[in-house]
Amino acid sequence: MSNITQDLHPVKFRRFIMPAIFAIVAMVAVALGIYYSLSAFFMKDAEDKIKNVLFSHRGLHSYIQKIMHPAFYKARDNGDVVQQFYSPEIFSSSFIVRNTHVFVNEEMKKAGLPEFYYKMASVNPRNPVNIADEFESSLIRLFNENRDVREFRKVMNVDGKKYLYYAIPFLETKDNCLKCHGKRQDAPPGLQALYPGEGGFNEKAGVYRAVELIKMPINDELTMVFVLTCSISVGIAVTFMLFYFNRRLKTVVGEKTSTLEAEIVERKVAEEALRKSEEAYRTVADFTYDWEYWMAADGSLRYISPSCERHTGYTSEEFRQAPGIMAGITHPDDRDELASHLPDQQNRDQKAHPHHTDFRITCKNGEERWFAHVCQPVYNGDGEYLGQRASNRDITANKQQQQEIYRLNAELEQRVIERTAQLESANKELEAFCYSVSHDLRAPLRHIDGYVDLLVSRCRDGLDDKGLHFVDTIAASARQMGTLIDDLLQFSRTGRVEMRRESMDMNKLLNEALSLLQDSSSEQTVEWVIPDLPSVRGDYALLRQVWVNLLANAVKYSRTRDVARIEVSARQEKGEIIFAVTDNGVGFDMQYVGKLFGVFQRLHPVEEFEGTGIGLATVQRIINRHGGRVWAEGELDKGARFYFSLPV
Amino acid sequence: MHELRPILLAEDNPSDAELTLEALADNNLANRVVHVKDGVEALEYLRCEGKFKTRKPGNPAVAILDIKMPRMDGIEVLQAIRSEPSLKMIPVVMLTSSMEEHDLIRSYELGTNAYVVKPVKFSEFVDAVKQLGGFWAVLNELPPEPI
């Protein structure tokens, strides 16, 4: 808003200066008009007052001349008055009027009214007080020479005071007047005696012999004119200004009103947006399923979601009125953790991660419930700490499940311990069994062979060929059983020996296996295809056994070929290394593939291919112990391929 | 006149004993073979106790011990021999039916001089015993007899 006001300033100033000049000019004109009108009015009024006085004096002159003088002359003619009698107090109208005026002024003074200066001025006065000054003389000449001019008026400055100067010609000299103002010798003897000079004599009829003049102070009137002019002008100016400013005000008010209206609309929109936002936030906050709150630094609740009632039984109002409920319903064992899990306020980090803890409460109905509490400190834009915002999720069911899981786990662990003990004991029994097999079962076989040998060596002569054959068969069977027992023991041992896991060079291992093999092989021609093999982790002796068994099998079952071709390969896929041994031997029927890896399982008669059927079973057991798999592919008379995999 | 020291054979199984004695006899050894039925008897012989109280004192040229015997097995006998100053110099050969790794290791730990598995085939067994007898009773130089 402040920006707009500043921008409007120059425009407002330009708008204001022209009307101001116009108003000043108009005001000056109006003031001048008023001044002249009022001056004229007051001058006329003053003039009328003067005329009033002058005409009263003239009336008095006329009365003296027209009534008093004839009456007096009649009384003289009748002899009531002596011939010589003359008195200016009775005969001289100028004397009478002048003195009357003195009395008038006295009366005026008494009434608090301004006095008038009055003079009857003549160039030829009988009494020297009435002698005209230069200006008055010129007036007398003016009136005599221009009979149309009946009056003279002038505003004059005397000693800093303004006066209205007004003059009219005195009555025209008539024949009657010449009785006293004609020739001296014609005048009454009393008059001649009183006035020795020629003053007042020798006048002519038809001439103005004097002027009557009044000077009236008009300071009050002028002051009145000035005051009124000013008052009225100021009044008009004020009114005009009021009108102008009213108009301006109306415009400004209009502008302001429209701005305000726009602001109101804006505010309404903003308020609506705010209300919607508030509603959105309120909805987000209030319709949360979890028990949410915002606790101020002083421990008071700034917000708590209505869902607290569902979880605790206490309403949000109850929480607000008594924030102590929170700690009160918390399980005593969890109170400290709940209160102190936020870092010290002094050392708090604004970017601190949310803090988690689980706690129990006792609901209003006495039920115990578990909550997962997560909270973080709240700060405003200035970094001021505003308490903590927390969310509590009911995890009672989870906790119960967890406890059930703990219980089951403990039970399972116990069962595992028991089962392990059983297995260990079974293993021990098995070991004892194997021991006894190796020791006790071999002994009778040895005895059979020993005694058969002794029999043959000592009693050869008593046995015919058939007898010798029987004895040989007994010895061979005993030895066969010995081999079976040895194989079985070795197989058992591969499952029981402690396995070491070390990284090893498979190429070296394979070569060792080959040299072991070649020691016992015949002059059979074998074409070996052996690539570079990757290193693996496992038990050296056991894996060597795997190679020995697989390669020996390949050699054995391809010995019917003129040239046996045995290929070893390796590839890595999906976290394991797969090795394969492929031969071009007699192969096998895939429908018996499931029997290949069984203990003492054979797919060929012993007359054709010797062996006890323990080799592949041993391979499977060793590879399984390494976490790998074994499988085979083959076709009768078309060779076989044996795979084993080891985890990387 | 220097008398050849006897060979002590501890073997509970009569057949094994007979066959072993046959094999030894087959070798034409001049040494006398003393056969005892278990570990207890073997120690009684060595310590000149019990029924051997009256025998002429002296250690055998070699003690051939079967492992699995009643009362006291061969390994226990070996342990006793090696822990007795007067007996510990006696050469001991474990002659057993089984190639049990545990027994093998244990025997060598206790200080056996040899560990021989009886072959099933009698001719091989005879060969083995012949070599044993020849080596320990004839070729091997014995430690001086303690006075």
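User: In what order do the five strands of the open sheet in chain A run?
Analyst: This is a predicted model. In it, the five strands are ordered E6-E5-E9-E8-E7 in chain A, and they pair antiparallel.

User: Which strands sit at the edges there?
Analyst: Strand E6 (301–304) and strand E7 (355–362) of chain A, each of which pairs on one side only.

User: And the twist, what does it average from one strand to the next?
Analyst: The average is 25°.

User: Which helix lies across E7 and E8 of chain A?
Analyst: Helix H11 (residues 332–340) of chain A does, running at about 145° to E7(A).

User: Now the four strands in the other open sheet. What's the order?
Analyst: E1-E4-E3-E2 in chain A, with antiparallel pairing.

User: Why is one side of E1 and of E2 left without a neighbour in the sheet?
Analyst: Strand E1 (117–122) and strand E2 (152–158) of chain A stand at the edges and have a single partner strand each, so one side of each has no neighbour in the sheet.

User: How many bridges between E2(A) and E3(A)?
Analyst: Seven, in the antiparallel sense, with strand E3 covering residues 161–169 of chain A. A:Asn157, for example, has A:Lys162 in E3(A) as its bridge partner.

User: Which helix lies across that sheet's strands E1, E2, E3 and E4?
Analyst: Helix H4 (residues 134–145) of chain A. It runs at about 125° to E4(A), the strand at 210–217.

User: Switching to helix packing. At what angle do H15 and H16 of chain A pack?
Analyst: Helix H15 (residues 540–557) and helix H16 (residues 615–625) of chain A pack at about 145°, and their axes are 9 Å apart. The crossing of H15(A) and H16(A) is left-handed.

User: Which residues of H15(A) and H16(A) meet?
Analyst: From H15(A), A:Leu542, A:Leu543, A:Gln545, A:Val546, A:Asn549, A:Leu550, A:Ala552 and A:Asn553. From H16(A), A:Gly615, A:Leu616, A:Thr618, A:Val619, A:Ile622 and A:Ile623. By class, the residues of this contact of H15(A) with H16(A) are nine nonpolar, five polar and no charged.

User: Then A:Ile566. Is that one buried or exposed?
Analyst: A:Ile566 counts as buried, because it has 22 C-beta neighbours inside 10 Å and the threshold for buried is 20 or more. A:Ile566 lies in strand E13 (residues 564–573) of chain A.

User: What does A:Ile566 touch, not counting residues up to four places away in sequence?
Analyst: A:Val526, A:Trp528, A:Leu551, A:Ala554, A:Val555, A:Ser558, A:Val581 and A:Asp583.

User: Last topic, chain B. How many residues of chain A are in contact with it?
Analyst: 15 residues of chain A, meeting 15 residues of chain B.

User: Which helix gives the most to chain A's side?
Analyst: H12(A), with 12 residues. Helix H12 (396–459) and helix H13 (465–496) of chain A each supply at least two residues of that side.

User: And what classes are on the side of chain A that touches chain B?
Analyst: Five nonpolar, five polar and five charged residues.

Definitions and conventions
Residues are numbered from 1 along each chain as its sequence is written. Chains are lettered from A and ligands numbered from 1 in the order in which they are written. This is a predicted model: local features need pLDDT of at least 70, side-chain atom pairs count only at pLDDT 80 or more; totals for chains, interfaces and linings use all residues. Axes are lines fitted to C-alpha atoms, for helices over the stretch in contact, and angles run from 0 to 180 degrees between N-to-C directions. A crossing is left-handed if the near helix is turned anticlockwise from the far one by less than a right angle, and right-handed if clockwise. Two residues are in contact if their C-beta atoms, placed from the backbone, lie within 7 Å. Ala, Val, Leu, Ile, Met, Phe, Trp, Tyr, Cys and Pro count as nonpolar, Asp, Glu, Lys and Arg as charged, and the others, Gly among them, as polar. Two strands pair if DSSP finds at least two bridges between them. A residue is buried if 20 or more other C-beta atoms lie within 10 Å of its own, exposed if 12 or fewer, and partly exposed in between; C-beta atoms are placed from the backbone.
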